[in-house]
Protein chains: 2
Amino acid sequence: MKKQNYMEIALKLAKKAAINGDVPIGAIIVDENDNIIGRGFNKKEKDKDPTQHAEIIAIKKACKKINNWRLLNCTIYTTLEPCLMCVGALLQTRIKHIVFALKDSKFGCVESLYNLTLDKRFNHRSEYTYSLNLDSKEMLQSFFWRNS
Amino acid sequence: MKKQNYMEIALKLAKKAAINGDVPIGAIIVDENDNIIGRGFNKKEKDKDPTQHAEIIAIKKACKKINNWRLLNCTIYTTLEPCLMCVGALLQTRIKHIVFALKDSKFGCVESLYNLTLDKRFNHRSEYTYSLNLDSKEMLQSFFWRNS
């Protein structure tokens, strides 16, 4: 499956978050054989749990699926640049690659506020790709417009 | 209950982690009325889940207990300086105060590698107190000695 299609799957998941009144963010984790092993969408408000970000849910599902906390050769596709917590969780998994569809100037810690995935003091570094997807931008703008 | 006693409870939790072969780290969350509303110990290896740090488990339990993702006037007592992921999760909760018993020169992101809880660009800042507790140091040293 093409990378573009992976982000489209993540965007479909993001829509589910908005149905629950959560900020529309979705994420999937893909292994080295192009299998999707984890999916998640933001459930922070629905579950009243601040750790229920799309990325964390996808990580937990992927680790359960492969029965391993290491996601060594995997890639995460997420519709928004990961926050501090999610970057920390991704580095914990030793994930290979992070792809995100929109920068987050307020909370993003891959490129916007910090370049934490490249910090050589940590015991792992992850590659990342920022590939602007206007559907993610439009979805978030619509959500905040409706809820402002 | 005195703050010292809170850390002793966290240390007792840390011991439970070691029984499962996990690095002995424990954490509790205390509300403004001195009630313990969340407890956790590291279960990363036991659950094969990299997000199962003591602090994350305590956060999830506290939020469930009060049915709110905000832990506004709460304090977390943790036996080791929180890592990147856990600092991010704690800032998500808007927790007031972080108390830790031992610095972590490899992964600590409250004071050792970064001062992330004080970054004014985030939408919340947390106070922190580092109060060395030699029991935590001894417990971790013994664990790594036995498992090296």
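Modeller: Start at Asp34(A), which sits in the loop between β1 (26-30) and β2 (36-41) of chain A. Keep in mind that this is a predicted model. Asp34(A) is not a glycine, yet its phi is positive, at about 70°. What about its surface? Asp34(A) counts as partly exposed, because its relative accessibility is 47% and that class runs between 20% and 50%.

Now turn to Asp34(B). Its place is the loop between β1 (26-30) and β2 (36-41) of chain B. Its phi is positive, near 65°, and Asp34(B) is a residue other than glycine. The relative accessible area of Asp34(B) is 45%, so it is partly exposed.

How far can you trust the model here? Chain A has a mean pLDDT of 96. In that chain, 97% of the residues reach 70 or more. For the complex, the predictor gives an ipTM of 0.96 and a pTM of 0.96.

Helix α5 (residues 134-146) of chain A holds Phe144(A). Phe144(A) is partly exposed, because its relative accessibility is 46%. Follow the chain and Phe144(A) is 121 residues from Val23(A).

Next, the interface. How many residues of chain B are in contact with chain A? There are 34, and they touch 34 residues of chain A. The size of an interface is often given as the accessible area lost when the parts come together. Between chain B and chain A, the buried area is about 3000 Å². Carbon and sulfur atoms give 64% of that area. Which residues of chain B lose the most area to chain A? They are Lys48(B), Trp69(B) and Leu84(B), together 21% of what that side buries.

Look at the polar side of this interface. The rule finds 14 residue pairs in polar contact across it, both partners at pLDDT 80 or more. Three helices of chain B each supply at least two residues of the side that touches chain A: α2 (44-47), α3 (54-66) and α4 (84-93). The largest share comes from α4(B), with 8 residues. Sort the chain B side by class and you get 17 nonpolar, 9 polar and 8 charged residues.

Now the charge pairs. Side chains of opposite charge can pair when their charged atoms come close. Over all chains, the count comes to 8 salt bridges by this rule. Across the interface of chain B and chain A, the rule finds 2. One salt bridge links the side chains of Asp49(B) and Lys60(A), at 2.9 Å from N to O.

Others lie within chain B. Asp47(B) pairs with Lys46(B) in a salt bridge, with the closest N and O atoms 3.9 Å apart. It makes the list because the cut-off is 4 Å. Asp47(B) is partly exposed, as its relative accessibility is 31%. Lys46(B) is partly exposed too, at 47%.

Glu111(B) meets Lys103(B) in a salt bridge, and their closest N and O atoms are 2.7 Å apart. Glu111(B) has a relative accessible area of 26%, so it is partly exposed. The value for Lys103(B) is 38%, which makes Lys103(B) partly exposed.

Asp119(B) forms a salt bridge with Arg121(B), where the closest N and O atoms are 2.9 Å apart. Is Asp119(B) buried or exposed? It is buried, because its relative accessibility is 9% and buried means under 20%.

Last stop: His97(B). It lies in strand β4 (residues 97-100) of chain B. His97(B) has a relative accessible area of 12%, so it counts as buried. What does its side chain touch? The side chain of His97(B) is joined to that of Thr129(B) by a polar contact of 2.6 Å.

Key:
Residues numbered from 1 in each chain as written. Chains lettered and ligands numbered in written order. Heavy atoms only, no water. Contact = heavy atoms within 4.5 Å. Buried area = accessible area lost by both parts, 1.4 Å probe. Polar contact = N/O pair within 3.5 Å; in protein donor to acceptor, adjacent residues only side chain to side chain. Helix = DSSP H or I, 4+ residues; strand = E, 2+ residues; numbered from the N terminus. Nonpolar A, V, L, I, M, F, W, Y, C, P; charged D, E, K, R; others polar. pLDDT = per-residue confidence, 0-100. Buried < 20%, exposed > 50% of the residue type's maximum accessible area, 1.4 Å probe, protein only.
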